[in-house]
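Student: Can we go through this one by asking what each label rests on? I'd like to see the cut-offs next to the values.

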Amino acid sequence: MNKIKDLDYTDCTFKVDNAPKESDIWDAMRDFELEVYSPFTAEGLDSVLQREDITAHITVATLDTMLWQNKLEQQKSFTSPHIRITSPFSTLEKKVVIIDYDIPVSNVIKIMMDTLILSTIISLLLILCLIWQISTIFKQNRLDKMRNDFVSTMIHELKRPIATLKMCVSGLNNQRMLENSETRNEILSDSRDALDSLSAYFTKLRDITFNKVEQIPLNATRFSLRDMLEDVIAKTHLPSYKSVDIKIIPDDDVTIKADFIHLSNIMSNLIENSIKYSSDNVEIDIDYRIADNIATISVTDNGFGISAKDISRIFDKYYRVTSHNDVPGMGLGLTYIKMLVEAHNGTINVSSKPGQGSTFTITIPQA
């Protein structure tokens, strides 16, 4: 209430021009009367605060203007929070008491503990969600790349036997070619080889879908290991821009008991990998022996080699050596080989040095 009033009390006159309301003026008169008969002292307030275990700095001051309500000022600091309370005890005389209190950090933490715990939990959840979301995005990108690589590789693998079959079918329409028994037999042989390649490829796709090696069907028979290797080498696609020399080291032949198709796929994959991960001049040596009812076959090349940190992971599904990401592939070849070897109750090991080539050795029990 902005109204000027002159109050006379024991020869005291006060000019009041900023009272919020008229009743505040009468309250201020009572405070003044109390101050006359019982003056306020900082020591008295300090003793009251001490009983409550509150240590504060108390100052009695006179302002330039009348203060009608308590005034609270906060210094928000996590390390040294501070509050100042300015309270009028004789408004008409413009007298106030100023209390400066440094809040102990432990008390602040205690008061804010629930909020801090909740904030920490929410922050951790948000961080975990963000990490999970980023991981999901990377996985989706990786799956997209794997899918595209799989489709490209599958199309590339299927094109060769299909192209061969198309040529053979076209040859069957030529009566003059069919009249030549040698040409006819060659066409039929190429057709069988192309169909065998398609069958082997679809078998490989089927086997990769199995989660356990025990699920892979085996048709173990006895056959000539050397003849099988020569057949695999003859069917191996050799890039025109590379010089490839594949040697079978032993002169003698051995009879091995295994699944012919699966073992052919194992050797075909190992040879193709040796060619793929080598420079323009490729040398591959194939060695084998049977001792103590264990057949051991090794494939050695002069390729790029594999680092020690990659050797422990090259048989993992979809894993690819980072230094050769430019070479097309899906990271399934060695996984497939290991599955087939383990389906024969065998083992596969690799020794390699970067820049010096690699040796893959498989063992298959013959008992």
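Tutor: What follows is a run of questions about labels, each answered from a value and a definition.

Tutor: Ground rules to start with: this is a predicted model, where local features need pLDDT of at least 70, side-chain atom pairs count only at pLDDT 80 or more, and totals for chains, interfaces and linings use all residues. Residues are numbered from 1 along each chain as its sequence is written, and side-chain values use heavy atoms, with hydrogens and water left out.

Student: What is the average pLDDT of the protein, and how many of the residues score at least 70?

Tutor: The average is 81, and 86% of the residues score at least 70. pLDDT is the predictor's confidence in each residue, from 0 to 100.

Student: Which elements have the lowest and the highest mean pLDDT?

Tutor: Strand 1 (residues 5-9) has the lowest, at 46, and strand 11 (residues 294-301) the highest, at 94. Over residues 1-9 pLDDT stays under 50, and the model has 28 contacts for them beyond four places in sequence. A contact means heavy atoms within 4.5 Å. Where pLDDT is low, the predicted coordinates should not be read in detail.

Student: How many helices and strands are there, and what makes a run count as one?

Tutor: The protein has 9 helices and 13 strands. They are DSSP runs numbered from the N terminus: helices are H or I with at least four residues, strands are E with at least two.

Student: Why is S224 called buried?

Tutor: Buried means under 20% relative accessible area, exposed over 50%, and partly exposed in between (1.4 Å probe, protein chains only). S224 has 18%, so it is buried. S224 sits in strand 7 (residues 220-224).

Student: What makes the link between the side chains of S224 and D253 a polar contact?

Tutor: A polar contact is a pair of N or O atoms within 3.5 Å; within protein, one must be able to donate a hydrogen and the other to accept it, and residues adjacent in sequence count only if both atoms are side-chain atoms. The S224 and D253 side chains are joined at 2.4 Å. Leaving out residues up to four places away in sequence, S224 touches D253 and V254.

Student: Is Y288 buried or exposed?

Tutor: Buried, because its relative accessibility is 5%. Y288 belongs to strand 10 (residues 281-291). Beyond four places in sequence, the residues it touches include L225, I248, D253 and V254. A polar atom of the Y288 side chain also lies 2.6 Å from the backbone oxygen of D252.

Student: Why is the pair F223 and F260 called edge-to-face?

Tutor: The structure holds 2 aromatic pairs. In this one the ring centres are 5.0 Å apart and the planes are at 80 degrees, so F223 and F260 are edge-to-face. The rule: rings of Phe, Tyr and Trp (its six-membered ring) pair if their centres lie within 6.5 Å, and planes under 30 degrees apart count as stacked, over 60 as edge-to-face and the rest as tilted. The pair links distant parts of the chain, with F223 in strand 7 and F260 in helix 7 (residues 260-276), 37 residues apart.

Student: What are the accessibility labels of F223 and F260?

Tutor: F223 counts as buried at 10%, while F260 is partly exposed at 34%.

Student: How do you know that the span of helix 7 agrees with what it should be?

Tutor: The expected span is 1.5 Å times one less than the number of residues. For the 17 residues of helix 7 that gives 24 Å, and the end C-alpha atoms are 24 Å apart, so the two agree. Of those 17 residues, 13 are buried.

Student: Which residue caps the N-terminal end of helix 7?

Tutor: D259: one of its side-chain oxygens lies 3.1 Å from the backbone nitrogen of I261.

Student: What is the phi of K94 and of N345?

Tutor: K94 has a positive phi near 60 degrees without being a glycine, and N345 has a positive phi of about 60 degrees, also not being a glycine. Most residues other than glycine have a negative phi. K94 lies in the loop between strand 5 (82-90) and strand 6 (95-102), N345 in the loop between helix 9 (333-343) and strand 12 (347-353).

Student: Why is N345 called exposed?

Tutor: Its relative accessibility is 65%, so N345 is exposed; K94, at 29%, is partly exposed.
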